[in-house]
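Here is a short briefing to read alongside the model. Please have the sequence and the 3D view open as you go.

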Amino acid sequence: MTRPEAIPAPLWHENLYIDGHWQAAASRFAVHNPATGAVIAEVASGGVAETEAAIAAAQAAQPAWAAQPAKARAAILRRWHDLIVANAEPLARILTLEQGKPLAEARAEIFYGAAFFDWFADEAKRIYGDVIPSYADDRRLLALRQPIGVCGAITPWNFPMAMIPRKAAPALAAGCTMVLKPASATPLSALALAALGEAAGVPAGVFNVVPGSAAAVGNTLATDPRVKKLTFTGSTEVGRALMARASGTIKKLSLELGGNAPVLVFDDADLDAAVAGTIATKFRNMGQTCVCANRIYVQAGIHDRFVATLAAAVAAMRLGDGLAQGVAQGPLIDADAVAKCERHIADAVAKGARIVTGGKRHALGGSFFEPTVLAGATHAMLIAAEETFGPVAPIFRFEDEAEAVALANATEYGLAAYVFTTNHARIWRVGEALEYGIVGINTGATSYEGAPFGGWKESGIGREGGRQGIEEFLETKYLCIAGISPLG
Ligand code: NAP
């Protein structure tokens, strides 16, 4: 396809990236701009053979990569970070073109993603082991931390420029190599990142990208015995299936899965901060984030003012092509995403909810959907149980703290939760009682590369980011050295 003028040629790739080579495949799949529906690229579609070739390349490259001094691996990761930052503008355009989010959000994602290379470049130098007090005079005991080996990675379409670095940076810092299957909606971001990795000096075979059939590529990564670790971000449904398939070879797993995030707004909250924080978590990326507010519980005393203020702010949001100036909300990723919003709204209204603003497809057509606020939501509604993954904000009224915590925890998910209150005792009580991996207090934005990101319950296993993030790519080895005779 024709490359957009604003994107430099070295960042625009439509082929597989295996063993340091750009390769065509027998078939191709179309990538669409969700704002216009236009086909913007025809990307080579990898299958079992290409995935196996990438795994072989990753396996061959791994010992030499792991043998490089940590400082050398760190220098390459730092260069990768610097190149992403230097190319932030065209990378943001690629992201908006294939994903739809407003350019300002895309730029923020580029810097957030790059920061993982910076953070883990440093962590590469801090993979410490232990010296264990011995149980015998002639023995010395050590615990080494070593790279697990070849890693398979499968990533979603909602934050490609962040989800890929969040996996690749710690894996490579640890001395692992990787075969990545990006989401079929957003392969161009992954391929652009690979191109910058190559320019930064990542050796051939260390980082491979195989876009293509979820079943063929994903299944091979989950079952091939040469892959020692599978790291997946996506839906709980697919994560569950991958976990079952990976059990055949007892792979180490990281699963970053779906969420059903509650927001708790107490009577003593700062109203403006609560509304701003709710908008930040509910409407970022048009509500298509795993840490997205899905249920908004508001205490009776502040309820009506909160609903009115939130609805006014939501009604004022400008929709449009993410590349246009001043756009706050882009399109949803596809028609299925629109249908899910419609289904959740229809079900809620049938069960007594009231549409305060929005509620239907936007006049712009395509996959544009009106940002929506619903009042009178209850736990009888689908929207309380399922992740909407769209710009629909259902408000539930509650009376007291215990009720709010019980409602917030009444889900099999446990990724992110948010609390708005000015009462310090409540911050502790509620913060500790929530069964979630991430709790934002008086904020709707918590992500930071130096903090552990991950879910409880069916929202996943493992953590990405922070010092915990590199643990996922390491194995422990106990060395027991015998026969050390006494001095003299
Ligand atoms: P998805 O349908 O689960 O897809 C995610 C990835 O898995 C894509 O690369 C997809 O490939 C692949 N895939 C789909 N079916 C597969 C299969 N049977 N075997 C192997 N791979 C398969 O999720 P999504 O719709 O892209 O993303 C939205 C979901 O991700 C939401 O539930 C969201 O909460 C979750 N998410 C979680 C986090 C987190 O950190 N916890 C972050 C972001 C998103 P194709 O694209 O080719 O289908």
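Which backbone nitrogen does a side-chain oxygen of Asp-334 reach at the start of α11? The nitrogen belongs to Asp-336, and the oxygen comes to within 3.2 Å of it. This is a predicted model, where local features need pLDDT of at least 70, side-chain atom pairs count only at pLDDT 80 or more, and totals for chains, interfaces and linings use all residues. Residues are numbered from 1 along each chain as its sequence is written, and side-chain values use heavy atoms, with hydrogens and water left out.

**Helix α11**
- Buried residues of α11 include Val-338, Cys-341 and Ile-345 (buried means under 20% relative accessible area, with a 1.4 Å probe and protein chains only).
- The buried residues of α11 pack against β14 (354-357), β15 (372-375), α12 (382-385) and β16 (392-398) (contact means heavy atoms within 4.5 Å).
- After α11 comes Gly-352, with a positive phi near 110°.

**The open sheet**
- β5, β6 and β22 form an open, antiparallel sheet in the order β5-β6-β22 (strands pair if DSSP finds at least two bridges between them).
- β5 (130-132) and β22 (474-481) are the edge strands, each with a single partner, so one side of each has no neighbour in the sheet.
- Three bridges join β5 to β6 (residues 140-147) in the antiparallel sense, and Val-131 stands opposite Leu-142 in β6.

Methods
Buried means under 20% relative accessible area, exposed over 50%, partly exposed in between (1.4 Å probe, protein chains only). Helices (H or I, at least four residues) and strands (E, at least two) are DSSP runs, numbered from the N terminus. A polar contact is a pair of N or O atoms within 3.5 Å; within protein, one must be able to donate a hydrogen and the other to accept it, and residues adjacent in sequence count only if both atoms are side-chain atoms.
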